[in-house]
Amino acid sequence: MSESPLGLWSCTNSEYHACHEAIGHSMIDCFRDSVLDYETRYVSGTTPPDEPTDAMRLGTALHALVLEPENFEDLIAVGPDCDRRSNANKDRWEEFETAHAGHTIIKPEQLATVHAMRNSVRGNPFAAQLLAGAGRREQAIRWRDATGLTLKARFDLVLDAGIVVDVKTAPSL
């Protein structure tokens, strides 16, 4: 394993999560819950990553719309407006997912929710002012702590004024 350079890190979300040389928050949570699970996910790599939940996809879509609206269509794809109970609709979804590999796929009703959430954020004067500020969006960083561990974090927005902004869609942190 090569050593990760320290400091600001220009990377995609996928690259950030694929880097196991530095330890992030979700990796610490995994270790706290189960050392065996941590080993199979991050050390040996024998456990594949979990499939994102609907809530996770909604959060990813909100991040893209609020923080990177110019990249929204490159990151997010809205699936067909159909249920997946019939074989024909299952096939339709499968074809859509194949055609949009690499995108986060959301349901049409989730797109309406994401737009409403974005409008709510824009309607809050304090949030709107923060999000309009100059800074670095989706900024990753790696550093070494006092124990010698290499840690990582990815900030939603780091304003030039030194303020860190974190966009959340869930009530718990």
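**Close-up views of a predicted model**

**View 1. G148, a partly exposed loop residue.** G148 has a relative accessible area of 40%, so G148 counts as partly exposed (buried means under 20%, exposed over 50%, partly exposed in between, with a 1.4 Å probe and protein chains only). G148 lies in the loop between β4 and β5. In this hairpin, 5 residues stand between the strands, and G148 takes a positive phi near 100°. Welcome to a predicted model, where local features need pLDDT of at least 70, side-chain atom pairs count only at pLDDT 80 or more, and totals for chains, interfaces and linings use all residues. Residues are numbered from 1 along each chain as its sequence is written, and side-chain values use heavy atoms, with hydrogens and water left out.

**View 2. Strand β4 and its partners.** Strand β4 (residues 135-144) runs antiparallel to β5 (residues 150-159), joined by 9 bridges. Here Q139 stands opposite F155 of β5. Strand β1 (residues 7-9) is also antiparallel to β4, with 3 bridges, and W9 has A140 in β4 as its bridge partner. (Strands, E, of at least two residues, and helices, H or I, of at least four, are DSSP runs numbered from the N terminus; two strands pair if DSSP finds at least two bridges between them.)

**View 3. D91 and a patch of negative charge.** D91 sits in helix α6 (residues 87-99). With a relative accessible area of 42%, D91 is partly exposed. On the surface, D91 gathers with E51, E94, E95 and E97 in a patch of negative charge (Asp and Glu count as negative, Lys and Arg as positive; His and the chain ends are not counted). Patch residues have over 30% relative accessible area and no salt bridge, and like charges are joined within 9 Å, nonpolar side chains (Val, Leu, Ile, Met, Phe, Trp, Tyr) within 5 Å. A salt bridge is a side-chain nitrogen of Lys or Arg within 4 Å of a carboxyl oxygen of Asp or Glu.

Note on methods:
Areas by Shrake-Rupley, 256 points an atom, 1.4 Å probe, with all protein chains shown as cover. Charge placed at Lys NZ, Arg CZ, Asp CG, Glu CD.
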